[in-house]
Every structure is written in structure tokens, then in C-alpha cells.
Protein chains: 4
Amino acid sequence: MMERKLRYGMIGGGPGAFIGGVHRAAVRLNDEAELVAGCFSYIEEERQQAGRELCIDPDRNYTTFEEMAEAEGKREDKIDWVDIVTPNRFHYPAAKLFLEQGISVVCEKPLCFTVEEGEDLKKTAKEHGCLFCVTYTYTGHVMARQARAMVQKGQIGDIRMVMAEYPQDWLLDSLETITEDNKPWRADPKLSGRGACVADLGTHIENWVNYVTGLKIDKLCCNLDVFGKGGVLDNNVEVMVKFKGGATGMYWTSQVAIGFDNALKIRIFGEKGTIEFVQEENNYLRVSMRHEPPKIYSRGCGYLEEEAKKYVRVPCGHPEGLTEAFANIYKDFCAALRDKIDGKEVDEASYGYPTIDMGIEGVEFSNKCVDSSEAGCAWVTMEK
Amino acid sequence: MMERKLRYGMIGGGPGAFIGGVHRAAVRLNDEAELVAGCFSYIEEERQQAGRELCIDPDRNYTTFEEMAEAEGKREDKIDWVDIVTPNRFHYPAAKLFLEQGISVVCEKPLCFTVEEGEDLKKTAKEHGCLFCVTYTYTGHVMARQARAMVQKGQIGDIRMVMAEYPQDWLLDSLETITEDNKPWRADPKLSGRGACVADLGTHIENWVNYVTGLKIDKLCCNLDVFGKGGVLDNNVEVMVKFKGGATGMYWTSQVAIGFDNALKIRIFGEKGTIEFVQEENNYLRVSMRHEPPKIYSRGCGYLEEEAKKYVRVPCGHPEGLTEAFANIYKDFCAALRDKIDGKEVDEASYGYPTIDMGIEGVEFSNKCVDSSEAGCAWVTMEK
Amino acid sequence: MMERKLRYGMIGGGPGAFIGGVHRAAVRLNDEAELVAGCFSYIEEERQQAGRELCIDPDRNYTTFEEMAEAEGKREDKIDWVDIVTPNRFHYPAAKLFLEQGISVVCEKPLCFTVEEGEDLKKTAKEHGCLFCVTYTYTGHVMARQARAMVQKGQIGDIRMVMAEYPQDWLLDSLETITEDNKPWRADPKLSGRGACVADLGTHIENWVNYVTGLKIDKLCCNLDVFGKGGVLDNNVEVMVKFKGGATGMYWTSQVAIGFDNALKIRIFGEKGTIEFVQEENNYLRVSMRHEPPKIYSRGCGYLEEEAKKYVRVPCGHPEGLTEAFANIYKDFCAALRDKIDGKEVDEASYGYPTIDMGIEGVEFSNKCVDSSEAGCAWVTMEK
Amino acid sequence: MMERKLRYGMIGGGPGAFIGGVHRAAVRLNDEAELVAGCFSYIEEERQQAGRELCIDPDRNYTTFEEMAEAEGKREDKIDWVDIVTPNRFHYPAAKLFLEQGISVVCEKPLCFTVEEGEDLKKTAKEHGCLFCVTYTYTGHVMARQARAMVQKGQIGDIRMVMAEYPQDWLLDSLETITEDNKPWRADPKLSGRGACVADLGTHIENWVNYVTGLKIDKLCCNLDVFGKGGVLDNNVEVMVKFKGGATGMYWTSQVAIGFDNALKIRIFGEKGTIEFVQEENNYLRVSMRHEPPKIYSRGCGYLEEEAKKYVRVPCGHPEGLTEAFANIYKDFCAALRDKIDGKEVDEASYGYPTIDMGIEGVEFSNKCVDSSEAGCAWVTMEK
């Protein structure tokens, strides 16, 4: 059994970045690993500032991720994993380099731009004996684990419909200030990928549904809207899906839905019952069984499934939130990593964190949505 | 100004029928009209029972609607309108006969089976100087009127998206008992029409959105599911819509969604704000304006628009419900009818009740949905 | 079995009055009785207007309730009951006169000003073989009946605590316009009684708790606040109660609680479970049993108790509201009245409507609250 | 400006303890301080286990807090503060010893058993130049800070009523297993203090109200219930309060309220508006202004007050929870501590964390509640 704390590095996540800080906070919450290296920004001043603030040894505060991969790869005390929280276009090349150095990867979604890239990363990870986690955050909630366990145990029966939505409204302000000369990376297809809202939010839905139910999409029909004068990429996404096996569903995500902060909501309808998860109320699950009144499950209560209970950190009624969801994913990933270091056989899917396969599915989903929309909202078939 | 109470008759709505009783209760609530004639059932015993219970003069408790239309048409004190609350397939022939007798019609939705039938009814009504109301109940809620006024005044700006759903679960039990020999009329296309859930629930969404926003559907893509062993007609409906002018939307209705009673929910997203209406919480409206916290409007409060206020019956915090919604539609219809009787020019659309044009649109919507689904969920274009 | 419809008269409830119209609408909803007489206003013009609008035979549209009681008492076709919806101070004298004529009474709460008056009415009713209903509206909701049945059957075990509140904010505006010369009757102790908010709202809580649980208050400690410059009588009421048997509770009612329309909320905590009723969401009941997730019971669903089911008018998910609650009380009262007319023995308490005993308890509660507050918020003992 | 991280120690919080772990997680979330010393348990095995798990230098993993205070007091690199998360009875003696060594204190509530003890700690802290924070957790929520800023700026006007409650149900199970020989410390007055539920939960209400509104209680009347066979100390608490200045309120807390996890809810009613905070929905605040629909403020949105915004960690719609609330208190405390170390004048109340004065008020409140209840629920006057 390994005794030391795990070590990790981060690329991206410099001053002002939102998600890098959440990753670091989540790791600290678990207290199982230390941040010892990084390449936080390509702006020299910000890079140095981040290094100082995060107490990184200046030798390990790198200026490029290429340099970092190479240098870390050579160290005895190299990082056990790298966290990739850069703009999307660096996900693939960065992950590739670290994997080639035998360094496991935790990567933000979307994993990369194409399925081919994703497959390549998977192959590379396998060749170098590395683990790979894609941080689909919302799989980390205790109540996501509860939903998954209930579905897997057949408590709601075969699934008939899935209704999911993920509206936000934060883009509205930036939409109005975007010009050709002043474009955030998320509004530039070269930096962000073909899909914007569909890749950023749509993949969360696609993943969560798959994670919880195991359902695979067979066909989909997608409409992408680009609202607003400054709109370049999709900011409103409507998808009809048909799953293998006969279930159907509708997914909606938007970045221009006034009055909604981050309102991921997923409802799974089975022959015996229904489960509803709302991210903004992540400590609860609404469960309805036939002929019974709907029930409000509360995170931390004794009636939860064991698969969920083991992630509970504070008693019921004491809210957990986003950071705990991230931390649970890291808890899973670190467990796998320690087993690997201890020489055990590791089946990544069994640990609970979202795997590279899920990352690849997300990339395919996102691309197929764009394909469908470009083809006049035609039905397209998922290949994997 | 007419002094007497209005008179009406009813076809359908005998013992055990749900909706006929609600219509009658709504009319009584307003106290503007009296039920004086009927043809409540084709089963003799039930017909007589209904007549007795409803204090109908036995001479005006008819055995067939054909007989009733003819007899009432000849009376000096004939009914001012007839309420049609029969199974769907009688809507058209019955309405036609009464209109030909100069008797105005209030008809349950779906209006009829085909657009042609609908157009014929419209023409007949015009020729005989009759009014025609289709009881899309949910337009009658005070907060529907509030939403309509706010949208019409531009308070939420141009509309971008419409997200609507109407899940129920009541069909699940009957699904399991349906056999070839034991089929309720709703499960028989000859009696019910081509669409079931789409006609029964989907048209409520289509109508409400149109009623409140004025948006017309340009194209739609529909998937109809038939879940359950006894399933004959659609019981789960998923529709993507594109409106004329560029707005888009998704509609979902279901009769097999465990945990949902009658959960019509419509959200209208504009450039400036969002309005959400939930039928089961019909005394409230959630309104979100950009950069402001969402607000919960309450029926009866002073800040409502005049177009809504005039329908308020009891002070805010004292719930109104389904019956009041119906009663508001009757209030509008009776106002138009009195004006007509008083010899005034009547523009039906200006009174607030859903007109025959809306009934026809519902029929087209429902048929186009079936067309789309039968064509492999292809996009089809609305013609009207 | 009586065949005719019941006949009733009304005193108070003229143009502009809120509650009289609700009573009439509730009676119409049931369609079991007809309004045939009245004394709607002491203002001649309003009296006549009301008579015309309500189609009252001018001979039975009386100018004083004294005249009405006498005249109706002599008629062969006299009213079966009188509805008293006047300002509070007329409740007692009016009820007394009608009872003496053998006419049953439905009276708004508070029943009267003193327990002695209440006892006198009870005695008079008994002597003249009359029934007496006090319209504590919120006992009429289906889910109030559901709660009562569940408690009576021991489903939540012995009761430990009752937490109840009834905040409104409508008084705020009128508070600011009250002057010595311009005082509504509710702000004048001579017309309204010693307690204002406590009598108007507090008694609803006291009654509902007693109606549902059977608990009797042993002692109470009350603070009455008079907020606002124009404040004359209590508009904010805080009460601690100790019930016979050891349960305790807190009641709060207010007319100056900004943001609350009519938010009666009652929670009953037993050894085995908890029941919560919120008037503004009267179609639901929140039920929590030990070690189980809270459940949301929905009016109209199959799992309701028979005692509640029989009052359901429309299917679950189709909201009922205030008018139906009133109508259910009238349904109970009319059932008792028909039995009495048919010569049966009538045990009023068994029909479900709130009896004169409950009215008297309300008067005692209200007066004891004022006593307590006047004595420096001292504990006082209920005597009945 | 100090450069190093702060250092702290902990007494209590060994394996299985709930709150110690939350304190440590909160400190890690901020990443401003390191745990370097402790006295985690009086059970040798647990003490050692905790030390190992928390990577404490064995020299600084003490067996008694007396030893720890003395040893740390002598070190050059002594801890900057000690966290006291022991059973209640050790709060006072432990805090006293550390203060005498010049070590600042963060102490769980209730601060101590008597006002005299509290005053002594305050005096000792002052004499030794130490800071003192009492972890009333719920003051740490962003929306608590928002509420405080809104009230202080007069946005809801002068306060009229405060309605607060804090029901839980966790005690029910342990109640049934308590015997004379098997009593948890919370059920033993010698270990826990005179009040149980009132000290554990009631003080949270008392503090939060005071923290947010500045209101001071003048008089209170309290009923303490001891429900259940195993009940020794109060597990249900009902309090009426009169504040200095004329506002009034009701507080209810319970540990036997089935269906409630940790449902702290506080409503503050002013002349102009109302603010409602619900701990289990800590990312929101319900704000109602006169004549306007209630608004739902969301943590992280642009319209928040600056006093709240500065504590926001993740964007709106991404839930924060209990750990962040604790972390915000530590953020405030560490800011004060760094200023002190940097030689600045420190006015503790200005930093935002709950001070020892608030701790003392909580002790007085709790004791006065017990006094009142023991005196037959008499009104008692707060002295401070």
C-alpha cells in the first residue's frame, strides 16, 4: 500500500480561470494529493504569479506544456497525473505528450475535437499504462451515484424516455461585446471546436444519461441556433435522440436562456418509476414509483444505496455542492491511481470516475449534433 | 342589452364523464347561463338519469344529437349555444348540425379529425352567423392572460425559444387492461382520430404557445412512441418545432410519465426575459428579466396587467384552479354571445376565448405530427 | 328522500363584498341549493342592485335581517338556511333571530364576540332543531380531510408538536390610510370584536389544528403587536400553546408580513411521522414517515384515504382551490340538512363540516389571546 | 505583509467526529493555513491514528490539551491559532489555556456554559492580544452576508418581526437507545451544559438573527420539551422573543421533527420588505419588497451586494454548501490574524467572522431559555 500523497501538475488554470481553481480545491478537499508542478499560463507574468500563489517550486513552474511533459517525465518524483484545464484545443496535444511520458491524465471535457483524436489518446494511454479521467463533473454528485445504483438495480425498470435540459444565460452579456477583433476562445471554432454550447453543455447531458443509465444513443436529430448579433457558434441546442433498445428522449441546452444559471436537469422515466436529478439541488433526488406519491430523497440519509453512501461527506441537510462533486471524481481517480501504483490490475470503469471512453462518446455526440444541424436537422447515426 | 340568462344545451357529459361536469360547473360559477337541454348519453338509462340529475325538462332531454339539433332549431326559446363534450369523432358532425340550425357551438378539443372538416365548420358558422369556441382550457387561467399581455406588450422582447412539456401518467393502468375486445374509445383510431396523446395533450401545448405568443409553427419533426403491451396509439410524443420568424422549440407530452399528474409547463424565452407557466401552479408565473433575480408573480396582486386582472375572482393567495379557467373562457364566450344577440358586430378573437381558427390549427398540428412520425420522424411543413 | 333543491338566503354579501360571492359560487358549484332570499346591504341602492343581479324575487329582498327572519319564518317555502356573511358584530344577533324562526344557519367566522353568545346560539339552535355550520374554509380542502383521516387512524402516532402560521400582507396599504374618521369596520373594535388578526386568521389555525388532530389547547401565551401608524387593533399575533396531553406548539399570524398573500401553513409532528399542509398549495400534502424520504401526496390520486377521496371533484393534477373548499363544506352541510328534513337523527360532527362547537372554541381562543396579551403576555388557561 | 502560511492546531476532531473534519476541510479549501499540531482524542489509539492520517509530526500530536497548550506556547513556530472542536465542557478550560499562551482561538459553539466563563475568556483574550472566533457556521454563507448587507443598508426598513426555525430529526434514533448506562455526551448535562437542543440549535438562530439584523433580545419566554422515553435534556424548544426597539419574534428548534434534516430557516420582516434564508437552499435568498413579486436572489449573480460578492467562489448555479460557509469564516479569521501578525490594529467585528461577544450572547440566550422554562415558561430579561 502506497504511503505517500499523490503528486499532480496542472496545465491551464492561471489567474482568473474558473475551473482550474475548482479542480485544485477539490483535490485539497480530499487531501490525498499535492500540486507540485504546473504550466498555468502562456503569459509570463500570470505564470509566475500562479506559481507563487500556489507555492510551486519555480523549477517545476514550466513555460510550455511540452517542456513540462518532458521535464516531468524524467524526474524520479514525477507527477502521478496531470490536470488539463486549458482551452479545448490543447486538450489533445497536451494529453498525448503526458501520456507518452507515462503520466496519467485528468482532462476537462470536451476531451478533444475528433473521435480519431480520442481513440488515439485511448491507445496511447493503454500503451503507456496510464489512467485517463474526463471530468464530467455532474457524475460526481452523491445523488448521481444514487440514481445510477437505483437504475442498475432495476428499481425503475426498463427505461422508456429521458428528458434532459441544461439552460444557462451567462453568454448573453458577452454575446453583445463580441466583435471580429474581440472574440473569446469559446467563440472561435479553431480554438473551441465545431460545437460550442453542444460541446460545453450538451456533452454533460449525453454523459450523465449514459453514466447513470448505460443507454447508448442510436440516432439523433439536432437543431443548433446561433442567437444574437455577436453569435458565431451555437448557443442554443435542441436534440431528439433514439437510444439503442427503443427508449427515446429530448435534450435541450442553451446559453441564452434568461433566468437560468446552470440548471442541468435530467429525468429518467422507466416502466416502474421515474428519477429526477437537478444539479442546482444536487443534495436531493425526486423519485416516483407507480401508484405512490413522489418522494424526495435527501443526500446523507440512511435509505441511500451503499454505492452513494460511501461518497457522503457531511450529514443530510448540510449541503454539499460543486466542489464535493469534483472531489468525488478525484477520490475515485486517486483510488485507481494508488491501486495502479501498488501494482494492481485496474479496470477504470469500475472505480466510478468518467473514463476516456465517455470522453470519446462526448466528442462523437457533439460532432454528430453539428453534422445533423448542418444537414438541415437530419437524423444521423452514432457509429460507436 | 339582453336581460335574460343565456341558455345552453350539452351533448355528451353523462354519468361518469369527467369533462362534461367541469363544463357545467364552470358555467354555474359564472351564473350567466342555464343548462336547459341535452343529449347526455346513447345509453337510455344514463340519458334519463342525467336528465333527472340536471333538472332538464324531459322534452329537451334528447336521445340523439341529430334530433336535438333539429328540435332546438325550431324552438322560440332555443339554446343559445351547444356544448359538445362527446368522444372526438362526434365533434364534427354534431357541430355541423347545430351550426346549421343557427346555434353557436362550444366544442372540446381536438376540434375534429381533419383540417377540411375544421374549415367546413368555420364556413358553416360564418354562414349561419354563429360563434364557435374551442375549449383549450389552459388559456383560461388568469396567469395565461397575464403571460399573453406581457408578451404582446413586448416585455420579454422577441421570442427565441419555447420549451414546453405536458407529462401525465394516468394511462399506465389502462394500458395494461386494453385488449382487442376491451378498448376505450381513446385507444381506437376510428373513434379518437389518428393521434392520441398528440391530439389530447400536444394540441394544448401548440395552442397555448400560439395563444400567448402569436407564434406560428413553420416546420416540425415528431417522434411518436407507443409504449406498453396494450399500446395502440401514441402515448409519448416528442416534437421539435421551428417557428416562422426564427424561434425554435421543443414540445414533449406523455401519458406514461410516472410521477406526473397533469404537468403542463411552458417556458417562453425572449431577448429580454423569460416567462414560465406551470398549470399545476396556475396561480403563479415565474418571470425572469435580464440581470434581475427571477420573480414569482401571484394571481390577484396589484402589479398584474389589466388584461389579467379582470379575470381575478378571489384575492391573491386564495387558489383558483381548473374550474375557474374554464369559467373564464365561458365568461369571454358569453360576453361575445350577448353582444351578438344585442346585434353588435363580434370579432371573436378579441374576446379572449380560443376560436375555431385555433381549433383548426390544433387539428393540423396533430395530423402533421402523425405525418412526420410515420415518415420516419421527417421534417414536415405546416400549411396554414 | 327529499327531491327538491334546498333553498337559502344570505345576509351581507352585497356589491363589492368578497366573501359573500365566494359562498354563493360554492353553493352553485354543488348545484344542490338555490339562493331565494337576501338582505344584502343596508344601503338601499346596493341592496336593490344585488337583488337584481342575483335574480332575487323583490319580495324576498329584505331591507333588514330582522324583517327577513320574521318574513321567512312565516313562509311555507321558507329558506332552509341563512348564510351570514356580514361584518362580525351582526353574526350573533342575526343568527339568533333566524334560529328562533327554525332556520338553520351557516355563519362566517368568528362566530360572535363572546363564549356566552356562542353558547346561547348553540342552545337556541338545539331548542329549535336547527343545524349550525361555521365556515372555517380551510377544513374543506380535500387534503385537510386526508390529513384528518391519517391522524385519526394513527398513521403519524401521538402528536408532539404543532407548528402553524398564517401570514398575509394585505393590511399594509389600508393601515396607512386609516384615520379616526376613516376606519374600516375591521379596525373598529366595536364592529369587529376585541381581536382583529387573531380573530380573523388566528382562529383559522386554532380550528384547523383542532379539526385535524382533535387536540384541545390547555394553556396559551400570546403577544399581540399593533404595527403601523394607523394600527388600532392587533395585526401580528404570536402564540405559544400547550395542549392537553402534553403536545406543544407555536402559532403565528400576521397581516403585515410583506411577501405573503394568504400563506396558511400547518405542520403536525407525531411520534411516527409528520404532515404538512399549505393552503396556497392545497392540492398537495407533504408527509414524512420516520426513516423514509418525504412524500408529496397529490389530491385525486388513488392512494388517498376514502374520507378524502369522496370530496375529489377533478382528477389529480387539475387544481382545485378556495371555491371547492367552501363547496365541500356546503356539501357536508347540505347532506346533514337533507337528512334532517328527511326526519333522520343528525349528529352534526359526523358530517365533516365545522360545527358551532368549533365556532365557540374559536371565540374563546381569540378572547384568551387578547386576555393574555393584555396581561403582559401571561399564560392563560382555556376553560372549555 | 506576512508571506508564510498560517499554522493551526486542533483539539478534538478525532476519527468518527463530524465537525472536526469539516473545519479541516474548510481550512484546506482556503489554502491559507496548515494543520501542524493536535490533540485529537483521549483514546490513545485514536489519537495516534488521527496523527498519522493528518500527517502531524508525532512531537506535536499531544495527549492532553494542557500539554499541548504549554508545549506550543513555548515553540518559536507555534500555532497561530487552535481549533476547539471537543465536547462542550472542554471549550472553556481549553480556550483559557491557549489564550494564556498567546494563541488565538477558534471555538465551536456553544462557547461555554456560563456568561461568566465567556467574559473571562474575552478578558483573557484581550490581555494576551489574541483573536477569538466562535464558529456559528451559518453566518458564513454568501447569502447570509447578502442578507446582512441588505438589512444594514436599510433596504427592508425597520424590522418588525423575525420568524425562525431550525428543525432536525436525527435525535429520534439515539433517543431510543439512551439508558442511564449508555448516554452520549450530548445527553448528559454535566458534559453538554444545561441546554441541549437550545444550545446546539437555538443559539444558531439567536446568533444568525443578531449577526444579520443587529437586533438584541430584550425578553424571552421559552418552553423546553423533553420528548421520548430516553429524553434527558430538551429536544424541542419554543421561544417567544421581544427585541429592544419593539420588534418581536418566534424561534423554534427541534431534534425530533420527523422529515427535517437540518432545516434552519430565518425570515426577517421589515417595514419595506422581507428577507428569507433557508440553510438547505443556501445559494438563494427570497426577497420580497412591498407591491412587488417576491424575487429569488441567486448566489454569484451580478446584482449581489459587494459585501456578499467577495465571498463567492464559483459562478451562480454551481452550488456551494456547508464547507464553503465554514471556509468563509476562516477566510475572515485568517485575514484578521494576518493583520494582527503584521502589526495592524484589529477590530474583530469588522472582519465578518462571529466574535466572542456573539459567543457570550449565545450562552446567555441558552441559559435564559432554560431559566424561563424552569420557571414555568415565564418571561425573563436578557441582561447584556
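Across the interface of domain 1 of chain A and domain 2 of chain A, one salt bridge is found, a salt bridge being a side-chain nitrogen of Lys or Arg within 4 Å of a carboxyl oxygen of Asp or Glu. The side chains of A:Lys109 and A:Asp200 form a salt bridge, with 3.0 Å from N to O. By class, the side of domain 1 of chain A that touches domain 2 of chain A holds seven nonpolar, three polar and two charged residues; Ala, Val, Leu, Ile, Met, Phe, Trp, Tyr, Cys and Pro count as nonpolar, Asp, Glu, Lys and Arg as charged, and the others, Gly among them, as polar.

This is a predicted model, in which local features need pLDDT of at least 70 and side-chain atom pairs count only at pLDDT 80 or more, while totals for chains, interfaces and linings use all residues. Residues are numbered from 1 along each chain as its sequence is written, chains are lettered from A in the order in which they are written, and side-chain values use heavy atoms, without hydrogens and water.

The domain bounds, which come from an automatic or database domain assignment, are tabulated here.

| Domain of chain A | Residues |
|---|---|
| Domain 1 | 6-130 |
| Domain 2 | 141-316 + 363-381 |

The C-alpha centres of domain 1 and domain 2 of chain A are 27 Å apart. Twelve residues of domain 1 of chain A contact 13 residues of domain 2 of chain A, where contact means heavy atoms within 4.5 Å.
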